[in-house]
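Have a look at the picture before reading on.

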Amino acid sequence: MPSWIGAVILPLSGLLLSLPAGADVKARSCGEVRQAYGAKGFSLADIPYQEIAGEHLRICPQEYTCCTTEMEDKLSQQSKLEFENLVEETSHFVRTTFVSRHKKFDEFFRELLENAEKSLNDMFVRTYGMLYMQNSEVFQDLFTELKRYYTGGNVNLEEMLNDFWARLLERMFQLINPQYHFSEDYLECVSKYTDQLKPFGDVPRKLKIQVTRAFIAARTFVQGLTVGREVANRVSKVSPTPGCIRALMKMLYCPYCRGLPTVRPCNNYCLNVMKGCLANQADLDTEWNLFIDAMLLVAERLEGPFNIESVMDPIDVKISEAIMNMQENSMQVSAKVFQGCGQPKPAPALRSARSAPENFNTRFRPYNPEERPTTAAGTSLDRLVTDIKEKLKLSKKVWSALPYAICKDESVTAGTSNEEECWNGHSKARYLPEIMNDGLTNQINNPEVDVDITRPDTFIRQQIMALRVMTNKLKNAYNGNDVNFQDTSDESSGSGSGSGCMDDVCPTEFEFVTTEAPAVDPDRREVDSSAAQLGHSLLSGSLVCIALAWQRLCR
């Protein structure tokens, strides 16, 4: 005979003797509870058929009950699991927003870089033929460094771009002066005149501004999506305290023990329980909202004149324009370099007599926008940004709104229209206590959940700090700066580049100092006129076919 049957016999026999004639004995049945309990997947072996004395209960009211000690323990565990699932389901929107949009943006940016590199390679092979292919590593290295920066590498964008133009100048200077032999030291001297002589016109300066701001915004935005994704995933996996579990059991399953399995909790009662259980999550809201605001700011940069799509799509045309500028100014550039770096040694006769390769005479084909490869996943940056901005706005105040979203669920509470016929924690009646405000400190007088307001959740505080660091990065990115990689020089652009490290302070070895190119020595400007004339005549004679070819393809 089950142990609970003996506990039922004496109280029940006395009750039957005292009942008036015609009393409904079925009112004491646990039939509905048995059915509801079994529907949860529990065994009916330890549930009584009729109510028993409730002195053994630790959480629910110690009145006549349909719950045994085993049932209370199982239902307490069930309430914990259901609460964890409710939080995860309710936060599903914000989690999927960051997961799916991070994947989409990352795919878009990576494919954009791949397309830009392929477009430049195809265009330059058509236009410059062997001359490009023999020097293609200069351009390949540019894209390799851009990709490395985007994926979080320790790359200083400004220095990397300066290095690209310096290397390109060195290569082109040799091509337009094949009658000379240039040592490594001489070429290093040539590269130092890149900023001063501006052989590529204004293209490097404009492209530096556009690329640094575009890449800082793009990389930081994707980092923001990563942080948002991680924080949302972590915070949605709650670990309720013992006090919270007691309150959840009392709210969700004590109606079972009272023989009222179909009666749902009062809405305001549910709100107080949830506000107590999710007090620390609500404290995340302030920093979360600031983070969302900063994400929306950087999203504006992705739509503006510095957006990465508008910068990278025509980068091949811009670099080609710079090469044309160099070709048009080759005579003046060479003369000034010879003044500043000295007269180079003549090259062996065989080399100086070489003519331009035949395929270098290929006529330049104008840029046709219709030939551009499709960007990532058949979408555009504008559409991606419009979509993410709408979803980011919807995710504001998500953590403080969790209790309201959970308690609005008709499978959880009786709703706001049924305030008299709901479970208030003791019986089926109106819930009278006032609703607590949000956050940990406001739970000091929570009537339903025992909350220690002096001990904030360490895990939640870590997420708050992660959001705070990311918000700072986003604000810097909006202003064109990367907080990880500040340029230590006093350059007016102020757009340092980033290392991708997650903390405010990065290793000092990744700080770069900009070095200015030395000015031309005024004493070197008074060069022997005959030497200068000789240099120019040699330049004109040996470059005639190259110059003509470059002029043709530049048109």
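Is C30 buried or exposed? Keep in mind that this is a predicted model. C30 has a relative accessible area of 0%, and since buried means under 20%, C30 counts as buried.

C30 sits in the loop between α1 and α2, while C66 sits in the loop between α2 and α3, so the bond ties together parts that are 36 residues apart in sequence. The torsion about the S-S bond of C30 and C66 is about -90°, so this disulfide is left-handed.

A search of the whole structure finds seven disulfides, and another of them joins C189 to C341. Here C189 belongs to helix α8 and C341 to helix α18, so the pair ties together parts 152 residues apart in sequence. C341, at 16% relative accessibility, counts as buried.

Let's stay with α18 for a moment. Among the buried residues of α18 are V333, V337 and F338. Just after this helix, G342 takes a positive phi of about 95°.

Finally, visit C266 and C422, whose sulfur atoms are 2.0 Å apart in a disulfide. With 90° about the S-S bond, this link is right-handed. Both C266 and C422 are buried.

Methods: Residues numbered from 1 in each chain as written. Predicted model: local features only at pLDDT ≥ 70, side-chain atom pairs only at ≥ 80, totals over all residues. Heavy atoms only, no water. Buried < 20%, exposed > 50% of the residue type's maximum accessible area, 1.4 Å probe, protein only. Helix = DSSP H or I, 4+ residues; strand = E, 2+ residues; numbered from the N terminus. Disulfide = S-S within 2.5 Å.
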